[in-house]
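Please read them alongside the sequence and the coordinates.

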Amino acid sequence: MEPMTTNRDTHYLQLLSNLFPNIAAASTEIINLEAIMNLPKGTEHFLADLHGESAAFQHVLKNASGNIRRKVSELFAGDIRESERRELCTLIYYPEEKIELIKAAESDIDDWYHITIHRLVAVCRDVSSKYTRSKVRKSLPADFSYIIEELLHERTDDSDKAAYVSGIVDSIISTGRADDFIIALCNVIQRLAIDQLHILGDIYDRGSGAHIILDTLRQYHKWDIQWGNHDILWMGASAGNDACICNVLRLSLRYANLATLEEGYGINLVPLATFAMDTYGDDPCEEFIPRLLTGNQLDEKTMRLTAQMHKAITIIQFKVESQIFHRRPEWQMENRCLLESIDFERHTCTVDGQDYQMRSCHFPTVDPANPSALTPEETLLMEKLHHSFRVCEKLRKHIKMLLSHGCMYSICNQNLLFHASCPLNADGSLKEVELYKGEKYSGMELMHKIGMMIRAAFQTDTDAELRSYARDYFLYLWCGKDSPLFDKSKMATFERYLLTDKSTYKEEKGYYFQLRDNEAVCDRILDAFGVKGDNRHIINGHVPVHVAKGENPIKANGKLMVIDGGFSEAYHTETGIAGYTLVYHSRGFQLVQHEPFTSARDAIQRGIDIKSTTQLVELSSHRMRVADTDKGAELRTQVEDLRQLLYAYRHGILTERK
């Protein structure tokens, strides 16, 4: 081996020697790292478009998209009945709740404890087999770490150890710790079933539990997120973009879902309700009646107030957006200032040079001479709402989590992950997009620069002009034509609410969505992002897969996979399913198609799991090991550094220490 000769290299080795002060320590670490590289690849779990559906998200997280059920079936096929396997899975998913039900019905609870603990240990042993003892040990709860470790590494088929293992289980039961032990063991199984979780955007909006999802993720062992357009909306609201605040409120009112705002973040909506009643008290607000999802029933009075609040914030949104569009003419979005295109006498609006009939022209706060100007009452209302979003500590913590765990794109194990789109030209080449002061970027550089722009909006030491632009830019990311999170000709919010002609509702998708089934185009994108390897892929969410219409989530000859989770009930009538998740384990990819989730209550009491269909997307020719992953490349570099350290010790360049 050639020695490191530069001063910088020697300095690096000196630093490394603090961790490994002699040949024995360095050699032991090399042996450890090379052994790790021969372990099976850890399982990655891909989810997208959660849209606040916390119960479905938590269930899919608990069952690892069916991965735990598959392992239980493989372990106990032919040994126990299917109903018992289902009960065991439910126990693993919801141990506290399931134990209480079983204790109320089971006549010989000690016998059940014995059988169940042995079965759970077998499952835990199987899911932990991909990891080093050290990593498994770190995943164990402190109270039971020693006991679980002993049970995992002792087998009852060894006659010398059978009594030892049985004695441990007897003691757990006799000391009254069986419930706690089973709960701990189930949580370890959930923890070890998935090595890393990837969320391809859109935690927020529509459903009522986005804050619950983020609280869950705060405790999760390893996860990342590629921001979605709805996440960006809430990030913009937290940063103080009033147009984003209006959009967040509008979407919540559209689905009559105020739980995230009021219960999750304590946003005070009383000023909005008061303003809406004062301004639209005699207005039926028919265009703004909320869209109710299952289980969300409102009485007539609440429905009317919600519609009034919905209309009030929507009109303010159109005004605030117009102000930003005029302030940023380089975005070329001033044609979206449609309040300025209304003919109040003829009840028409001019869109793209053509006049269309309005559903209503009852806008008491709109001044035809200056349509984008807020009234004094609207200005005061926005100041109060702005303050509520800016001072919310829990929202700030959740946005900080998104910033620390997230970015616009990620490359992991030959997979390129981003939420929606990579802007393209008509010929499939990467499109240059203007970002700030005329600077243009495309592909990976565009994604990176946008990520830096987003972070600039939250950094107090950022140049004031850049920070102001960054704050405005959240709106462009939400609805701008060349935004990688939108990539459509327009967002037809105004038209859908206020125009009668449905032809105006159409939003032309960008070239990425038109060309993403082309393998050559996908290869070009992968090349541009520097993704190498024979089995590389693009993985997206954002656009629901219309299975009911025969759409396939696997595109471009397997180069691209769309896994919009379809968790949101609002999409179920469009897709016919509750969407897809993706599992990438040591043997390849499995695409899991889910039916809508009923409830955690049904899962616990009746053992009803999400009905899922697994499709093998791509099997590896050999079982993948850690050495085949990005982590393996990192470990090989570390091994090479340690070998250089060994050389330095053996040739007297560095002196060993005890």
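Helices (H or I, at least four residues) and strands (E, at least two) are DSSP runs, numbered from the N terminus. This is a predicted model, in which local features need pLDDT of at least 70 and side-chain atom pairs count only at pLDDT 80 or more, while totals for chains, interfaces and linings use all residues. Residues are numbered from 1 along each chain as its sequence is written, and side-chain values use heavy atoms, with hydrogens and water left out.

1. His-347 sits in the loop between β4 (342-343) and β5 (348-351). Its phi is positive, about 60°, although His-347 is not a glycine. Accessibility classes are as follows: buried is under 20% relative accessible area, exposed is over 50%, and partly exposed is in between (1.4 Å probe, protein chains only). His-347 has 36% relative accessibility and therefore counts as partly exposed.

2. Ala-556 also has a positive phi, about 55°, and is not a glycine. Its place is the loop between β13 (554-555) and β14 (560-562). Is Ala-556 buried or exposed? At 1% relative accessibility, Ala-556 is buried.

3. Ser-360 belongs to the loop between β6 (354-357) and α18 (376-391). With a relative accessible area of 16%, Ser-360 counts as buried. Its side chain reaches the backbone nitrogen of His-362 at 3.1 Å. A polar contact here is a pair of N or O atoms within 3.5 Å; within protein, one must be able to donate a hydrogen and the other to accept it, and residues adjacent in sequence count only if both atoms are side-chain atoms. Setting aside residues up to four places away in sequence, Ser-360 touches Glu-287, Lys-311 and Leu-498, where contact means heavy atoms within 4.5 Å.

4. Met-408 is in the loop between β7 (406-407) and β8 (409-412). Its relative accessible area is 2%, so Met-408 is buried. Which residues does Met-408 contact, leaving aside its neighbours within four places in sequence? They are Gln-226, Trp-227, Leu-417, Phe-418, Met-447, Ile-450, Gly-451, Ile-454, Pro-484 and Leu-485. Met-408 and Ile-225 are 183 residues apart along the chain, and their C-alpha atoms are separated by 8.4 Å.

5. Two packed helices are described by the angle between their axes and the distance between the axes. Axes are lines fitted to C-alpha atoms, for helices over the stretch in contact, and angles run from 0 to 180 degrees between N-to-C directions. Angles under 35 degrees count as roughly parallel, over 145 as roughly antiparallel, 65 to 115 as roughly perpendicular and the rest as oblique. A crossing is left-handed if the near helix is turned anticlockwise from the far one by less than a right angle, and right-handed if clockwise.

6. Helices α13 (residues 229-239) and α21 (residues 464-479) pack at about 160°, with axes 9 Å apart. The two are therefore roughly antiparallel, and their crossing is left-handed. From α13, Asn-229, His-230, Ile-232, Leu-233, Met-235, Gly-236 and Ala-239 meet Arg-471, Phe-474, Leu-477 and Trp-478 of α21. By class, the residues of this contact are seven nonpolar, three polar and one charged; Ala, Val, Leu, Ile, Met, Phe, Trp, Tyr, Cys and Pro count as nonpolar, Asp, Glu, Lys and Arg as charged, and the others, Gly among them, as polar.

7. In α16 (residues 270-280), the residues Pro-271, Leu-272, Ala-273, Phe-275, Ala-276 and Tyr-280 are buried. Their cover includes α14 (242-254), α17 (300-327) and α18. The axes of α16 and α18 come within 9 Å and cross at roughly 160°, which makes the pair roughly antiparallel. This crossing is left-handed. Pro-271, Leu-272 and Phe-275 of α16 make the contact with Glu-377, Glu-378, Leu-381 and Lys-384 of α18. The classes are four nonpolar, no polar and three charged.

8. How do α6 (residues 95-105) and α11 (residues 178-193) pack, and at what angle? The angle is about 140°, with the axes 9 Å apart, which makes α6 oblique to α11. The crossing is right-handed. Pro-95, Glu-96, Ile-99 and Lys-103 in α6 meet Asp-179, Ile-182, Ile-183, Cys-186, Asn-187 and Gln-190 in α11. Five of the residues in this contact are nonpolar, two polar and three charged.
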